[in-house]
Amino acid sequence: MTDPTPLPFEHTYAALPDPFWRAVAPTPVAAPRLLAYNRALARELGLDEGFEHEAEVVLSGNDVPANARPIAMAYAGHQFGHFVPQLGDGRAILLGEVIDRHGQRRDLQLKGPGPTPFSRNGDGRAAIGPVLREFLVSEAMFALGIPTTRSLAAVATGEAVFRDGGPVPGAVLTRVAASHVRIGTFQYFAAREDWQAVRVVADHVIARHYPELQSVQRPWLSLLHAIAERQAELIARWMSVGFIHGVMNTDNTAVSGETIDYGPCAFLDEYDPAKVFSSIDRQGRYAFGHQAPVVRWNLARLAECLLPLIADDPADALPEATAVIDAFPARFQHHWLAVMRSKLGLSSAEDGDEALAHEFLEALQAVAADYTLGFRALCGLADDHEPEALLALPKTPAMETWRLRWHERLARDPRSVQERVAAMKATNPAVIPRNHLVHEALLAAEQGDLAPFEALLAAVRRPWDDGPEAAKFMTPPEPEQRVLQTFCGT
Ligand code: AMP
Ligand code: MG
């Protein structure tokens, strides 16, 4: 067999000293078979068309290019509030970084390529269901314009992995990320009181994600501020589409501001801020409406790691860092209100807008109305056209009252009806990856039928289309189709 073609790899993370990572080669698999390949992303990464033929061997980990430097990254993290000083990539191996067509550095990481020094008792593998789930949901998030890691390929391994329910087919996902540095990466070194290493990580993150901070007076304090700002915006964007991450541990909070680690994530059907799908989130710590407070908590953990860098005397650093964390709720609220205004079709700002948004949500919640279709219905109503039956708002007195107030408010907004409707249709998705459809698609894929997965993937890549071909992906689940719980499948 000939060696795979070298990829245009760079290795800035692997160039850091070895406490930051462990060298580890992927474990070859029995019979790699390409399940999904993301051509658009491959082009964006500057990979040539010939690479698709090698993807099966390279992205299963069976034969990595000679210029890859496979490593598992070290990190710690608070899992459901409990600190674990050593987690690390237990089933992920970074191959290297490539510079994409826009000049952005992106990590190429295999997820499920076999054990690493951080695997503890895990097998280092991934099952086909969770792999395709990440592929599908991350593509949906990207199409919705929400910062996210992406999926380049899913390769079946031809081997079984053993999970709670017994043997299931295995697969390897290639994840593409702006970086894989998490709050937990900082925590790993802070827990060891290795402040020099914390500084190295912080420098790496500034150079990579916040280069504008290289020349400011207080880089570490500014870094905390900048990471908090991206998180505030990210969570507002999640809330705008009904996304529930499900496992917002500090090791699953990327400092780049991308959504990362699609495990038991789910989208709301009916609106309920207390909604939890994840089977492991028994206390509702990561409920839909709790995501902003949780990120604030995670950011406070990051702040603790940065204190010794922020000022020589911790007594000086603490009030400054605390001020950033305390400002988070208002920053989140600012972004949330901005996305809500655009969802409601408002291009101007008035004091009553926040109440208007809350009252709409309350009217949806009162009758357990669908979150996505509720907002999408507004696009039709903003035009005063008779909306289609599927897109009707609940006909309750509260909703009727709200609608009148909203129409009065729209009348004071400067945009033309046409402009407004076009903007609303580009901000209120018609198609999201509904849990019951994801579930059906993954079940079929486990049985060897990829057609439902491919159809759903194509639909979620066009979230704003509500044409006839989209209708079956827009419909909320029938009672017997409802998915009540999601699992991480690790
Ligand atoms: P996650 O829930 O995916 O964020 O993972 C939490 C930690 O468990 C990380 O350190 C993972 O690398 C590790 N982990 C999860 N699944 C496995 C597995 N099958 N084998 C080894 N480590 C795993
Ligand atoms: Mg994780």
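In this predicted model, the lining of the largest cavity draws its largest share, three residues, from helix H6. The space inside the largest cavity comes to about 60 Å³, and the structure holds four cavities of 30 Å³ or more. The residues that line the largest cavity are Gln231, Leu234, Trp238, His245, Met248, Asn252, Thr253, Ala254, Glu258, Thr259, Ile260 and Val295. Sorted by class, this lining has six nonpolar, five polar and one charged residues. Rolling a probe the size of a water molecule over the atoms shows where empty space is left.

One of the lining residues, Gln231, lies in helix H6. Glutamine 231 has a relative accessibility of 2% and therefore counts as buried, the limit being under 20%. With neighbours within four places in sequence left aside, glutamine 231 is in contact with Thr253, Ala254, Gly257, Val295, Leu299 and Phe328. Thr253, Ala254 and Val295 also line the largest cavity.

In soluble globular proteins, nonpolar side chains tend to be buried together.

Beyond the neighbours within four places in sequence, leucine 378 is in contact with Lys343, Leu344, Phe360, Leu393, Trp402, Trp406 and Met424.

Strand E9 covers residues 150-163, and ten of its 14 residues are buried, so the strand is largely enclosed by the rest of the structure. Strand E9 pairs with strand E2 (residues 33-37) in the antiparallel sense, over four bridges. In this pairing, leucine 34 stands opposite valine 155 of E9. Strand E9 also pairs in the antiparallel sense with strand E10 (residues 166-177), here over ten bridges. Alanine 156 stands opposite alanine 171 in E10. The strands E9 and E10 form a hairpin, with two residues between them.

A second hairpin is formed by E6 and E7, with five residues between the two strands. In the turn of this hairpin, glycine 103 has a positive phi of about 80°. Strand E6 covers residues 92-99, and seven of its eight residues are buried, so this strand is largely enclosed by the rest of the structure. Strand E7 (residues 105-111) runs antiparallel to E6, and seven bridges join the two. One of the paired positions is alanine 92, whose bridge partner in E7 is lysine 111.

Aspartate 261 has a positive phi of about 70° and lies in the loop between strand E11 (243-244) and strand E12 (266-267). With a relative accessible area of 18%, aspartate 261 is buried. For alanine 368, the positive phi is about 50°. Alanine 368 is placed in the loop between helix H9 (353-366) and helix H10 (371-381). Its relative accessible area is 47%, so alanine 368 is partly exposed, a class that lies between 20% and 50%.

Lysine 425 has its place in helix H12, which covers residues 417-425. The relative accessible area of lysine 425 is 33%, so this residue is partly exposed. Lysine 425 and cysteine 379 are 46 residues apart in sequence, while their C-alpha atoms are 6.2 Å apart in space. With neighbours within four places in sequence left aside, lysine 425 is in contact with Arg376, Cys379, Trp464 and Asp466.

Methods: Residues are numbered from 1 along each chain as its sequence is written. Chains are lettered from A and ligands numbered from 1 in the order in which they are written. Side-chain values use heavy atoms; hydrogens and water are left out. Contact means heavy atoms within 4.5 Å. On a 1 Å grid over the protein atoms alone, a cavity is a set of points where a 1.4 Å probe fits but cannot get out, and a pocket is an open set with protein on both sides within 12 Å along at least five of seven lines; lining residues have an atom within 4 Å of a point. Grid points are joined across faces, edges and corners, and a volume is the space filled by probe spheres set on the points. Ala, Val, Leu, Ile, Met, Phe, Trp, Tyr, Cys and Pro count as nonpolar, Asp, Glu, Lys and Arg as charged, and the others, Gly among them, as polar. Buried means under 20% relative accessible area, exposed over 50%, partly exposed in between (1.4 Å probe, protein chains only). Two strands pair if DSSP finds at least two bridges between them.
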